[in-house]
Amino acid sequence: MPDFRKQVLLIEDNPGDADLIRLRLIESRTQLDVSCVNRLSEGLASIESTPPSVVLLDLNLPDSQGSETFRKVLEKAPGVPVVILSGKEDEALAMKAIHQGVQDYLIKADLTSRTLERSLRYAVERQAVLRSLDMSRKQQIEFKNQFLSHVSHELRTPLTCIHQYASLLFDGLSGPISPEQRDHLQTILKSVNQLHAMIRDLLEATRAESGKLRIEPRCLALVELVRQAIAMIRPMALEKRITVELEGDSHAPLVYADPDRVLEVLINLTDNAVKFTPPKGSVTIKLSQQATDPEFTYVTVTDTGRGISPEALPLIFERLYQDPDAVDGNRSGLGLGLYIARELVNLHGGRIWVASQPGESTTFTFNLPIYSLSKLLFPVIAPERRLRESMVLVRVDLKPLASPVRGNWKEVCRECLDLMRRCVYADKDLVLPAMATNGPEDTFYIVASTDMERVNIMTTRIVEQISVLTHLKATGTIRATAREIRFPAEMQDKTLEQQVEQVAERVTELILTDFRTMNDFNTKETNANAN
Amino acid sequence: MQTEIKKNDAPNFSRAKILIVDDDPELRMALKLRLRANHYETVSAGDGYSAIALAQKERPNLIILDLGLPVGNGFNVLKRLQENDALSHIPVIVLTARDPQSNELRSLDSGATAFFQKPADNNELLQVIRASLHSASAWGTTPPS
C-alpha cells in the first residue's frame, strides 16, 4: 500500500521545544511534512484552510491555556487526530483530554523519535477506524429508519382494508346486524384505530431520530388548545368517572408554538394521565407563569394515579420505555408517546419533566416560549445594536374566489407564507408568524426595513411570485398594501431594548386596527358569496 | 345512459359519478359499496393507464385517486388530467397510504382538490366529496356533454 506523506501540524509557542520535536521527527526517518505555528488562532486557521493528517498540540499557548486549548482544536477539526505534548504529568487533565476525543497525551521530557513517531502513526490509524465505525453506525440508523418508514406504509394498506370492511358491516351497509355483532365490530374498529395510532407514532419517532420532525410555530392562545385536548379526552375519562379540568389562568400570555404539535403533546399527557388513574380520580391541567422564568409559560398535567416509581422516573421519556407495572388490562402501546412529546417540546425550545408521589399522583410539566414580537423583531430592526431609520408594515391579503374545499385553501395559504419568507431579505425583513385564529390564515404581515418609496419593489416581487402558484390562480386573488411605521417622538433617550419594544407595540397597534377593518371586509365577502 | 348524464347537469349531486382509482381490488370494492350506499354512481380502475382511459370515456364528476399505482403512478395521472382540457376541471381527491408530509403539498400542487391518508375517516371523506362536487358545479365548470 502506498504510504502518503503525512502532514503534521505542530502548534507550539516555545521555539526550543519546536526545534526539538522537529529534530525527533526527522530522526524517525518517516515521511512527514511538519509545519509549525506558535499561536492557537494560527493553528485553527491552518486546520481550516488545509486540514493536516495529525495535530501535535502544546496546551499552554499565548492565546489559550489548558483544556480550553484542546477543546477548541477538537471543535474545529472533529475528524483530525490530536496528540497533546505537555511539559508536565497531569493524569486528570490527560484523562479529560482522552475522554473528549484526544488520541494521546505525551510528556515532552520522555520523547524519543521512536515513541513520537509511533504515537502519531497509531493516532492516525485509530482515528480512521473510529471514523469508519461512525460511518457504518450512521448507515445502520439510516437503514433502520428507511425500513421502519417502509414497513409503516405497508402496514397501512391491509389496515385500511380491515377498517373499510368492518365499517361497512358496522354501518349496516352489508345487511342488518344484531346488537351483539355491532358490539364486536366496534371492538374491531377501536383496535384498528389503536393500530393506526401506533403506526403514526412509529413514523413520528423515526422522524424525530433522523432529525426530520418539523414544527411551524405561530402566535397562539395555549388555553384554547388545552380546552380542545380536554374535550377530546373527556368522553374516555367519563367512562372511568374521572374528571378532567382546566385550572387557573385563562389570561395566560400568547405562546410561540405549533398548534398541531402542542395539541399532540397535550393529548398524549392527558390521555396517559387518564389511563393511569383509577376510577373516580381526577386529572387537572394548569397554566402558569414563573417569576424566575419570564420568557416561558408552564403547563402541568396532574393526575391522582398510582404514581411512578423513582427507578422508572429517569427512563420514562426514553424510546420504547414501558412501565413494567402498567398491566391494568390496558394495552400499553409502543412506548413512544412521551419520547415524541419530549422531542416536540424540545423543538419549541422548551423542556418537559415529571415528578411523582408513588401511590398518590404524577405531575408532568412542560414549558413553551411566550410570544414576543420585540424578541422576533430585534435582530431585524436593530442589527449591530442600532435601530433602523425607516420601517414599513406590509399587509398581504389572499382572497378565495369561492368557498373552498377543506384542506386546500389552508394549504394554499401555508404555501404562500413559505414563499413570502423566501421573497424577503432574511436579515432585513420579518414575515410575522401567523396569528392563531379560526380558519385559514389568509392575511399576512411583513415588517420591512425599507421606506415607502422602495417598498413597492418588495410588494411587486411578492405579488408576482405568489400569483404564479398554480392553485392560487384557480382559487384566489392577492392584494398587498403598505403602511409606514412612524416612531413615537420621544424615542431618543430610551435604551435600544425599549425602542424595539415601542416599535413592536406600534406594529401590534397597526395590525389590530387593520384586523378590525379586515373582519368587516371578510363578512361582506362571505355574504356576497352566499347570495 | 344519456338520461343519466342529463340528470347530472342539473344540480343533483347524489347521482354524481365517481371514478375510483386504486390498485387494491378489495379496497376498490369497499369504496364502491360505501359510495353506492350514499347514492353515488361509481366506476373503477386499477392502474394509471386505465384511469385516464376511463376518465375520458365516462367523464366522472369526481375522481378518488391512489398515488401508488402500476402503469403510471398517481402523480402521472394528475398531470395527464391537468393537461387535458376536457378533464382538468374534474375534482380529484387523493387517498393514499403514503406520508402526507412529503405527498400532500405535491398532490395539491399537481392539481388535487384534497388529500387523505389511509385509513381515512369515512364521514370526512364523504363530506369533502360533497363539498368538491358542490364547488365544481357552482363554478359552472362542468362542460356540457
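## Basis of the model

Residues are numbered from 1 along each chain as its sequence is written, and chains are lettered from A in the order in which they are written. Because the model is predicted, local features need pLDDT of at least 70 and side-chain atom pairs count only at pLDDT 80 or more, whereas totals for chains, interfaces and linings use all residues.

## Composition of the two chains

Chain A contains 14 helices and 16 strands; here helices (H or I, at least four residues) and strands (E, at least two) are DSSP runs, numbered from the N terminus. Of its 531 residues, 28% are buried, where buried denotes 20 or more other C-beta atoms within 10 Å of a residue's own, exposed 12 or fewer, and partly exposed a count in between, with C-beta atoms placed from the backbone. Among the contacts in chain A with a separation of 6 or more, 70% link residues 24 or more positions apart; two residues are in contact if their C-beta atoms, placed from the backbone, lie within 7 Å.

Chain B has six helices and five strands, arranged along the sequence as α-β-α-β-α-β-α-β-α-β-α. Buried residues account for 41% of its 145 residues. Of the contacts in chain B between residues at least 6 apart in sequence, 59% join residues at least 24 apart.

## Nonpolar cores

The largest nonpolar core has 38 residues, and A:Leu222 and A:Val265 touch the most other members. Such a core is a set of buried Ala, Val, Leu, Ile, Met, Phe, Trp, Tyr and Cys residues joined through C-beta atoms within 7 Å. The elements of chain A that supply two or more residues to this core are helix 7 (222–239), strand 8 (255–257), helix 8 (259–275), strand 9 (282–289), strand 10 (296–303), helix 9 (337–347) and strand 12 (361–369).

Beyond its neighbours within four places in sequence, A:Val265 contacts A:Ala341, A:Leu344, A:Val345 and A:Phe366. Another core, of 36 residues, lies apart from the largest one and includes B:Ile63, B:Val92, B:Val94 and B:Ala112.

## Packing of helices 7 and 8 of chain A

The axes of helix 7 and helix 8 of chain A come within 9 Å and cross at roughly 35°; axes are lines fitted to C-alpha atoms, for helices over the stretch in contact, and angles run from 0 to 180 degrees between N-to-C directions. The crossing of these two helices is right-handed, the near helix being turned clockwise from the far one by less than a right angle.

On helix 7 of chain A the contact includes A:Leu225, A:Val226 and A:Ala229, and on helix 8 of chain A it includes A:Val262, A:Leu266 and A:Asp271. By class, this contact has 14 nonpolar, two polar and one charged residues, with Ala, Val, Leu, Ile, Met, Phe, Trp, Tyr, Cys and Pro taken as nonpolar, Asp, Glu, Lys and Arg as charged, and the others, Gly among them, as polar.

## Helix 5 of chain A

Helix 5 of chain A (residues 113–170) has 58 residues and reaches 84 Å from its first C-alpha to its last, close to the expected 86 Å, which is 1.5 Å times one less than its number of residues. Its buried residues include A:Leu116, A:Leu120, A:Arg156 and A:His163. A:Gly172, with a positive phi near 75°, follows helix 5 of chain A.
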